[in-house]
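Please work through the following exercises with the sequence and the structure open beside you. Try each task on your own before you read its solution.

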Amino acid sequence: MKYIITFLTFYNHILFSQIQPIPLTDEYFGKKIIDEYRNLENIENSSVINWMKDQSDYARVVLQAIPNRQYLIDKLDEMDNENEYSISYLQITDNDQYFYVKRKVKENIQKLYVRNGFNGKEELLFTSDEYKKNNKEYVINYIKPNYDGSKIVVALTEGGKEIGEMVIIYVEKKTKLPYIVTNCWPSDGGGVSWLPDNNSFIYLYYPEVDSNSDLFLKNMVAVLYKIGNDPNKIYPLLSKKNNPELNLKAEDFPMVSINKNNLNYLVGNIGGATNFTDTYYADISELNNKHIGWKSLYRKEDKVVDYTMVKDDLYFVSAKGVKNNFVARTSIKNPDFLHPEIIINEIKGEVIETIYSTHDGLFITSTKNGVEAKLYFYGLQKKLQEIVLPGSAGSINLATKSNKYSDAWATFSGWNSANKTYKYNVSENKFIPENINLIIESPDFKEIKVLETTVKSHEEEDIPLSIIYNKELKSTEKLPLLVLGYGSYGISSNPVYARIALLWVAKGGIVAYTHIRGGGEKGEEWHLGGYKKTKSNSWKDFISCIEYMHEKGYSTPDKTAIWGSSAGGIVMGRTMTEKPNLIKAVIINAGFLNTIRMESSPNGANGIKEFGTVKNKDEFNYLYEMDSYHHIKKGIKYPATLITGGYNDPRVPVWMSAKFGAKLMSENASKNPILLKVDFDGGHGRDKTKKKAYEDIADIFAFAFWQLGHPDYQPQESLKK
């Protein structure tokens, strides 16, 4: 029976593998570009939908037929079972109430809990399965309690769409209030900000939530909501329409917040796909005015990386004019970013990243190459003191209450070590373990080690490279190699407990995390080294890292797979089109693969800030150079490729994956499989249920191990034909 099913599946794939191309020719500054599969951009067209469904059905049958795929799912579940439960989104209020989302290993749903103090009794407040519409599964993707812990906002999304709805829980009675706030996309970068009255909050409102609409991600509004009012009645605080004097663009994200260290000010941040923003402030009393008179706090040219408030002073980290950032101070009421008071000069070999303030002074984190973190304290003595950590840390996440309190929590992470949280006592210079999550490290990972090294790029730049391996790193084993990369928006690939990577290594492979230009591992200069004109450095750095692994003898091209997501799709796509013989398998999740068509997508206007615009001749050339779709050439033998996308993706339209897949299938001269898998209920790959996340990882690993020749993942001959 299996052979019959396999044959029929194969036959159907041949029948439906190619959709009829309908080429269009565009001309940019005298250069004619033929776009063979422009018709696939119409993802509401029935023929396009049917083709994507046929491709996805075929991909799923192929992937599910790979031996030991189910083992991977079971193993991921077993790894979860070792921890009994997982906890996320921890929030601690001023009066020591601990709010967090918890999921037990046998559950696919998340539950919201609270406890009074770290040692308090755990109480259930809300479960994600209480919020169901049309039999859809919702996940909690954000929580924010008010200052006294009497109420908490809970955001829920369905199908990975990211934009969702918020409910409000009355903590004492453990009841959901009868108000649903819609059209929201809360996150740590732009979530809910409670007012001092503990009964009102500010959030970002999206007028259009259909990701297929031309108005999606346009004309967002920072709004004020008071509990008891009609959530559908919008009270704007900052927007393009209501604040024409600020010259906002339709694609800007106008986010308003109240800093926990000074509740007297509103802070308006004009966010988007950029590291530095124009930021404004106003007295909180102006909430009573019909129109808020926003004053400039700092401009994007001031390159403010992070800040905290201490009374009426702003302490900030800046990248302006330096390589590794510095810390300075200026007045909020009379800000002077041209001549601020320098508090801490840049640290040689380290990039200052974040700044936090408590009753006792300032905490500052830094990183070397994005993989070695340090923690500093700047107190009343006005000296920068390095704090000796309880163990090595690849990255540090700090949390504090406000300047009224001494409380500070530090979570230390590493590639092969579970996250550990400590409460830091300043007066005693002591770390006290305070872990709500159980710390149980799998015995399967006991022998796994990490090597942090650097690789010379084509321009002799030192590219940081993290190599994760088992027991010993030998140049004779030629192991299945999985190489990951991103390199955009100044985002660093900092060490986190990478259980997925550890599973690959435990199954006989080796993993390499690349810290290529375009990321932020070495500060803003590193970001600009893979930005617009210099974007080719991102994939060239990535190629240098792969070649290093081969030259060292750790692996070979026929045992090498690469994996990237979102903007990392540029790196994956251009690596495989530039050097197809360097790798055997490619995995691209929701990849940015057709950059010259970026501006036609809802999020395209924001992408301009990082990659460029086709309306500028020079920037068009940069975009064309990074366009993987247009670099596919007929007759080239390309590696095996697994391309995935979400039909509801609000960030990268699914047609980028579809167009790339269609052209690759048509032009590829090798017999390597090209699989396109579209999740018609999913988005950008975030906010998945546990079950869905396990299945997606199993697909990726099974596909890669199959193609790299791992003996445990070779299908029967009927599938190979």
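This is a predicted model: local features need pLDDT of at least 70, side-chain atom pairs count only at pLDDT 80 or more; totals for chains, interfaces and linings use all residues.

**Exercise 1. The chain as a whole**

Find out how many helices and strands the chain has, and decide what its radius of gyration says when it is set beside that of a compact globule.

Solution. Begin with the secondary structure, which comes to twelve helices and 38 strands. Next, take the extent of the C-alpha trace, which spans about 70 × 55 × 55 Å along the principal axes of the chain. For 721 residues, a compact globule would have a radius of gyration near 27 Å, and the chain, with 26 Å, agrees with that value. Then turn to burial, where 57% of the 721 residues count as buried. Finally, consider the contacts between residues at least 6 apart in sequence, of which 58% join residues at least 24 apart.

**Exercise 2. Helices α2 and α10**

Describe how helix α2 and helix α10 cross, and work out which residues meet there.

Solution. Locate helix α2 at residues 46–64 and helix α10 at residues 654–667, whose axes come within 12 Å and cross at roughly 70°. Angles from 65 to 115 degrees count as roughly perpendicular, and α2 and α10 are therefore roughly perpendicular to each other. The crossing in which α2 passes α10 is left-handed. At the contact, α2 contributes W51, M52 and Q55, while α10 contributes A658, A662 and M665. Sorted by kind, the residues of this contact are five nonpolar, one polar and no charged.

**Exercise 3. Helices α4 and α11**

Carry out the analysis for helix α4 and helix α11, giving the angle at which they pack and the kinds of residue that form the contact.

Solution. Helix α4 covers residues 499–506 and helix α11 covers residues 690–707, and they pack at an angle of about 30° with their axes 12 Å apart. The handedness of this crossing is right-handed. On the side of α4 the contact is made by I500, L503 and W504, and on the side of α11 by I697, F701, A704 and F705. The division of these residues gives seven nonpolar, no polar and no charged.

**Exercise 4. Helix α7**

Is helix α7 largely enclosed by the rest of the structure or largely open?

Solution. Count the buried residues of helix α7, which runs over residues 568–578: ten of its eleven residues are buried, so the helix is largely enclosed by the rest of the structure. Among the buried residues are I570, V571 and M572, together with R574.

**Exercise 5. Two single residues**

Solution. Start with N68, which lies in the loop between α2 and α3. Although N68 and A698 are 630 residues apart along the chain, their C-alpha atoms are separated by 9.0 Å. Leaving aside neighbours within four places in sequence, N68 is in contact with D712 and Y713.

Now turn to G645, which is found in strand β37, residues 640–646. The C-alpha atoms of G645 and F680, which are 35 residues apart along the chain, are separated by 8.6 Å. Not counting residues up to four places away in sequence, G645 touches A590, V654, S657, K677, V678 and D679.

Note on methods:
Residues are numbered from 1 along each chain as its sequence is written. Side-chain values use heavy atoms; hydrogens and water are left out. Axes are lines fitted to C-alpha atoms, for helices over the stretch in contact, and angles run from 0 to 180 degrees between N-to-C directions. Helices (H or I, at least four residues) and strands (E, at least two) are DSSP runs, numbered from the N terminus. Angles under 35 degrees count as roughly parallel, over 145 as roughly antiparallel, 65 to 115 as roughly perpendicular and the rest as oblique. A crossing is left-handed if the near helix is turned anticlockwise from the far one by less than a right angle, and right-handed if clockwise. Contact means heavy atoms within 4.5 Å. Ala, Val, Leu, Ile, Met, Phe, Trp, Tyr, Cys and Pro count as nonpolar, Asp, Glu, Lys and Arg as charged, and the others, Gly among them, as polar. The radius of gyration is taken over C-alpha atoms; the globule rule is 2.2 Å times the number of residues to the power 0.38. Buried means under 20% relative accessible area, exposed over 50%, partly exposed in between (1.4 Å probe, protein chains only).
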